[in-house]
Amino acid sequence: MEGAMVEWWPWFGSAVASTIFLWSMVQNHIPDTLRLNLAALAAKLTAYFNPYLQITISENGAQRWKRSELFLAVEAYLSDACARRARRLKAELGKDSKNIQVSIDDHEGVTDDFSGATLWWHASKQRPKSNVISLYPGEDEKRFYRVTFHKQHHDLVLDSYLPFILGEGRTVIIKNRQRRLFTNKASGSSSPYGAKSAWSHVPFEHPATFDTLAMDPKQKEDVIDDLMAFQESKEYYAKVGKAWKRGYLLYGPPGTGKSTMIAAMANFLDYDVYDLELTAINNNTELRKLFIETTDKSIIVIEDIDCSADLTGKRRKDKKASRDKDSDGNDKPKLPIEPEKDDAANVTLSGLLNFIDGLWSACGGERIIIFTTNYKEKLDPALIRRGRMDKHIEMSYCRFESFKVLAKNYLDVVEHELFGEIQQLLEETDMSPADVAENLMPMSKKKKRDPDVCLAGLIEALKQAKEDAAVAKAKEEEVAKEAEAKKAKEKEEAEMKKAKEKDQGKDKTSEEAIGDNMQADKIQE
């Protein structure tokens, strides 16, 4: 038997080689149309007898320079749900990722089950037929995933399974990604590598959380509940016909934790942060383009909006009035001039309002827009009304509940005999959480070993702040009294001047009457 196999094997190999050679020769002499028809016929025959269907998901879609979102979602899903069942894996630290990604190696397959259907996934790639250098990333080596399933599950796969894969893959990508802090580039600037994005970014690594945020516990809980309700309300927003976004206005004195609140929100929601600088934007069109380039699950921040740009148009009106005034009385014809260019940003209030809740605000979803200001009363009411800035959060001075959070964070102290005195001083003195934290921070080994020293130092700082506030108040009252006295004196002088002018008017009238009488007597004589 073994001898027969030995004799048969060379003959079989020779037959296979001859068949391949003859087929290649036949292909060279068969017309292209006939060859394509034969291939199509063979595919139909195979499909007729084969009960399984296949779907191929390529790495590069219509845009050859950009990876397909569905391909990335499939890759993330298989890596998370099915990779452990594969025999060959590959590990890498992906772009903008904080975790090592383990995925299926090329030419490896795994199985997946969904609603009673079994699906076979196969990762593969196709090398170029010739050694040609291409300008597009997808041309040199084409990677793809191919899923095979029984044809009776056709509707299940298309209607349910693939959308499920897309959603789960997006979730895994968001979970594994390195969150980023974006800032908009100055108008006219460009990347040396030809990137067209108007945003540049760095990893977002701010450590602030709601646990470390010095804020009244009830107010903090209210903010957390509001954020959770927003994050879980996609269907509700669609039902009521609103874009899935929410606006927050953070206002209060400097040092009260507005920026820390933004970082805590971003860490709680696991969102990216876009820090929008209005003074770097030339016009409303650029503002709209920046908004379009932001991603879902992000926070868009405009800090100190009352100082960011002139949103009232007052400066332009003043310049126009001045120009019109200069042209009065001058009838000479003037040559046309170029439109006036403003040194500051040309973003208007109307453009910003459209940015917040206009038609373009519905591009994308799950976005939060935050404005911060030290002076809420300076903002235009149209800018901060409900529906634009849905929730107004006052970031106030540090009170005792906020202090206890700082004491726990900085000194790991929950109760202390000095807390009573500190509580009384905090109720009587306005001190920002930033100033309180600075006094609690142990800057030396002695303070670090002894929290009593830090708390005693805070008490001294509060007493000094209280004295300074009293002095400032007394000075302010003195200035107010002086201003009131000056105003009263000016009023008295104005009344005296008016009375004097009135008396002078009476004397003048009397003199004119006497003169008229004398002139009449002369005429009679």
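Modeller: Rings of Phe, Tyr and Trp (its six-membered ring) are taken as a pair if their centres lie within 6.5 Å, and the model to which we apply this is a predicted one.

Colleague: What is the angle between the planes of F114 and F164?

Modeller: A search of the whole structure finds 16 aromatic pairs, and F114 with F164 is one of them, with 5.3 Å from centre to centre. Planes under 30 degrees apart would count as stacked and those over 60 as edge-to-face. The pair F114 and F164 is classed as tilted, with the angle between its planes being 35 degrees.

Colleague: How many residues apart in sequence are the parts that this pair of F114 and F164 ties together?

Modeller: F114 belongs to strand β4 (residues 108-114), whereas F164 belongs to helix α5 (residues 154-176). The pair therefore ties together parts of the chain whose separation in sequence is 50 residues.

Colleague: Are F114 and F164 buried or exposed, or does either fall in between?

Modeller: Buried means under 20% relative accessible area and exposed means over 50%. F114, at 15% relative accessibility, is therefore buried. F164 has 31% relative accessibility, so its class is partly exposed.

Colleague: Where does W244 lie, the residue that forms an aromatic pair with F230?

Modeller: F230 and W244 form a tilted pair, with 6.0 Å between the centres and 45 degrees between the planes. The pair links distant parts of the chain, 14 residues apart, with F230 in helix α6 and W244 in the loop between α7 (234-240) and β9 (245-251). F230 is buried and W244 is buried as well, and the place of W244 is the loop between α7 and β9.

Colleague: How many nonpolar residues are in the contact of α6 with α8?

Modeller: The crossing of α6 and α8 is right-handed. On the α6 side the contact is made by V223, I224, L227, M228 and Q231, and on the α8 side by M261, M265, F268 and L269. Beside one polar and no charged residues, the number of nonpolar residues in this contact is eight.

Colleague: How many nonpolar residues does the contact of α14 with α16 have?

Modeller: The axes of α14 (residues 400-411) and α16 (residues 433-440) come within 10 Å and cross at roughly 35 degrees, and this crossing is right-handed. In α14, F403, L406, A407, Y410 and L411 meet P433, V436, A437 and L440 in α16. With no polar and no charged residues, the nonpolar count of this contact is nine.

Colleague: Which residues does T294 touch, not counting those up to four places away in sequence?

Modeller: T294 sits in the loop between α9 (284-292) and β11 (298-302), and its relative accessible area of 6% means that T294 is buried. With residues up to four places away in sequence left out, T294 touches W199, Y274, I300 and R367.

Terms used. Residues are numbered from 1 along each chain as its sequence is written. This is a predicted model: local features need pLDDT of at least 70, side-chain atom pairs count only at pLDDT 80 or more; totals for chains, interfaces and linings use all residues. Side-chain values use heavy atoms; hydrogens and water are left out. A crossing is left-handed if the near helix is turned anticlockwise from the far one by less than a right angle, and right-handed if clockwise. Helices (H or I, at least four residues) and strands (E, at least two) are DSSP runs, numbered from the N terminus. Contact means heavy atoms within 4.5 Å. Ala, Val, Leu, Ile, Met, Phe, Trp, Tyr, Cys and Pro count as nonpolar, Asp, Glu, Lys and Arg as charged, and the others, Gly among them, as polar. Axes are lines fitted to C-alpha atoms, for helices over the stretch in contact, and angles run from 0 to 180 degrees between N-to-C directions. Buried means under 20% relative accessible area, exposed over 50%, partly exposed in between (1.4 Å probe, protein chains only).
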